Each structure stands twice: as structure tokens, then as C-alpha cells.
Amino acid sequence: MSHVLPNSSDPYIHYRLEGKVFILQIDRPDKKNALTQGMYQALATGIREAEASAEVKVVLLCGAEDCFTSGNDVNDFVQHETQGSERASVQFMKAMVHMRKPLIAAVNGLAIGIGTTLLLHCDLIYAAEDAFLQLPFTRLGLCPEAGSSVLAPALMGHQRAAELLLLGERFTAAKAKEVGLVNEVLPAGRVFAHAMEKAQALAALPGEAVQTSKHLLKRQQSALLDDTIALELVNFSRLLHSEEAQGILQAFLNKRS
Ligand code: COA
């Protein structure tokens, strides 16, 4: 039965089908692609619809030419309650965790916060040689989210994960490749086209074989991730409501260092 793909519910998230590749594009460049709850909702819906559609075999996530995403919109951290599993950001995380179809990311410019942690859920990641990544949680008075507290040490080992998640410094695409977070580093202008070539190559393979293989690769981690995300959220929310975190976040919004 064919499944008609809907339009995106958010103006900053675009859906596009190219062949059997469903492209999810984040496009809010004047705010460095910071993600609002409305944008998360459109991303989560896009993933779920792509999963349900027989027309789609691969999902490709990308941002603008100079910016993947600067992470959660900081206004949202200051203004909203974050506890509770119903938030669109959490739905987005869980949609990624439970995807059967391959998820590919094309990273240009910068990937901060969830911009980097979401990559831990992707199957193939291509990044620009001038891109930088950052897991700035402790610097903001916060802690890891999106399952990164389990996925990062599993991928790169405790000490390298601690370097990125405790110090929270920016790191290059080359470093991301060295720790296993990125498959290939490419000239900025080649990233999207290369990711698209790989997406089409995957889409040309027998779909059930690819999806079963992905499921087998991720099976052990997936079982842990819902609980991990819930535990991270309890701690994230507690820290978010601290005076220290609120002071740091307000300072960013007020343009103080
Ligand atoms: N949330 C809300 N707004 C954001 C944002 C975010 N995560 N990231 C960038 N913006 C906004 C800025 O406030 C600014 O808005 P303005 O033009 O209305 O003043 C605009 O996007 C451009 O950002 P700016 O800081 O001027 O650009 P820059 O090139 O100097 O720096 C960043 C870009 C991404 C390095 C910097 O904006 C930044 O550190 N952002 C916060 C990242 C972050 O902490 N994310 C949360 C992770 S948990």
C-alpha cells in the first residue's frame, strides 16, 4: 500500500524526496539552525513518515551550507519545562533510536549539542573539513542527552568521550573522524553530494536486507537507549533549573560572555 508523504509542519524543516532518498533539511540559518520544539516535531514526524513509506529507503539529514545546527534553541531552555517524555525533542530522539531505515547525515559548518549527539544515532556521517563539533553541556551547567552518555563511550572509549563530554571544547571534523563519529571528511562543497551518492547506493540495495542488518548492528544498544534517555532527562532537567545553568544561558541570550 502506498503511503503519501505529508508536508512539513514547520517552516524551518523541509521534506524532499529524491528517488528513494527522503531528505530532511534544517533551514533556519539566521539562528544557526537552532532547533525549536516545532522543528523537532517536524523532524520526528518526518522520520516516522519515512519509516512508514514504501517509497523511502534511506533518510538523509542535512542543514544549511554553513551550518548543520547549533543545537537546542537556548530560548527554549530558559522559557520551558523540559521534564516529561512527551516533548517533541524527546520524540525526535526516540524516533531516531527506533529507525529501521538507514539515517545518513551531511554536516557542514557547525554541529553543537544535539547537533553532535544526534550523529551518534546516524549510520553514515559525512562532514566538511572546515566543520566543527561541540558537546558543550558541562559548560552550560548541563549534562549529556539523547543517549550520548552511553553511545559516546561505547563508540570511542571512556577517556575520549570524557574529553569531549566533560571538557566540552570544540573539535574538528578530523578529530570526529579519529574518534569514529564521522565516516569521511570532505571539502565543504562536496559533502551533500557525497552523502547523497552514498544514500542512493544504499537505496539501491535490497531494503529488507539493509534494514535487518541495521537492526542487528544496533540491537544491543537500542535496548538500553530508552532508559538512558529517560535518566539523562531527569538529570538534564534538574541541572537546567539550577541558578548556575540559567545564569549561563541568560548570559548567552543577553550577549554576555
Ligand atoms: N539558540 C538560540 N539562538 C541561537 C543559537 C541557539 N542554540 N545559536 C545561535 N543562535 C542565534 C544567536 O543568538 C544570534 O541571534 P541574533 O542574530 O538574533 O543575535 C544568531 O543565532 C547568530 O548567532 P551568533 O552567536 O551571532 O553567531 P556566531 O557565528 O558568532 O556564533 C555559535 C555561532 C553557534 C557558535 C553561537 O551562536 C553559539 O555558541 N550558540 C549557542 C550554541 C549552544 O550552546 N547550543 C545549545 C547546545 S546544548
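This note goes through the cavities of the structure and then one of its strands.

1. The structure is a predicted model, in which local features need pLDDT of at least 70 and side-chain atom pairs count only at pLDDT 80 or more, while totals for chains, interfaces and linings use all residues. Residues are numbered from 1 along each chain as its sequence is written, and side-chain values use heavy atoms, with hydrogens and water left out.

2. Rolling a probe the size of a water molecule over the atoms shows where empty space is left. The structure holds 2 cavities of 30 Å³ or more, where a cavity is a set of points, on a 1 Å grid over the protein atoms alone, at which a 1.4 Å probe fits but cannot get out. A volume is the space filled by probe spheres set on the points, and the points are joined across faces, edges and corners.

3. The largest cavity contains about 40 Å³ of space, and its lining, meaning residues with an atom within 4 Å of a point, consists of Met96, Val97, His121, Leu151, Lys218, Gln221, Ser222 and Leu225. At least two lining residues come from each of α3 (88–97) and α9 (207–240), and the largest share, 4 residues, belongs to α9. Helices (H or I, at least four residues) and strands (E, at least two) are DSSP runs numbered from the N terminus.

4. By residue type, the lining of the largest cavity has 4 nonpolar, 3 polar and 1 charged. Here Ala, Val, Leu, Ile, Met, Phe, Trp, Tyr, Cys and Pro count as nonpolar, Asp, Glu, Lys and Arg as charged, and the others, Gly among them, as polar.

5. For the second largest cavity the volume is about 30 Å³, and the residues that line this cavity are Lys57, Val58, Pro102, Leu202, Gly207, Val210 and Gln211. Again α9 gives the most to the lining, with 3 residues, and the lining divides into 4 nonpolar, 2 polar and 1 charged.

6. Strand β4 (residues 103–107) is mostly covered, with 5 of its 5 residues buried, that is, under 20% relative accessible area with a 1.4 Å probe and protein chains only. Leu103, Ala105 and Val107 point one way from β4, whereas Ile104 and Ala106 point the other way, and all are buried.

7. Strand β4 pairs in the parallel sense with strand β3 (residues 58–62) over 4 bridges, and Leu61 stands opposite Ala105 of β4. Pairing requires that DSSP finds at least two bridges between two strands. Strand β6 (residues 124–128) also pairs with β4 in the parallel sense over 4 bridges, and in β6 the bridge partner of Val107 is Ala127.

Notes: 1 Å grid on protein atoms, 1.4 Å probe; cavity = no way out; pocket = protein on both sides within 12 Å on 5 of 7 lines; lining within 4 Å. Buried < 20%, exposed > 50% of the residue type's maximum accessible area, 1.4 Å probe, protein only.
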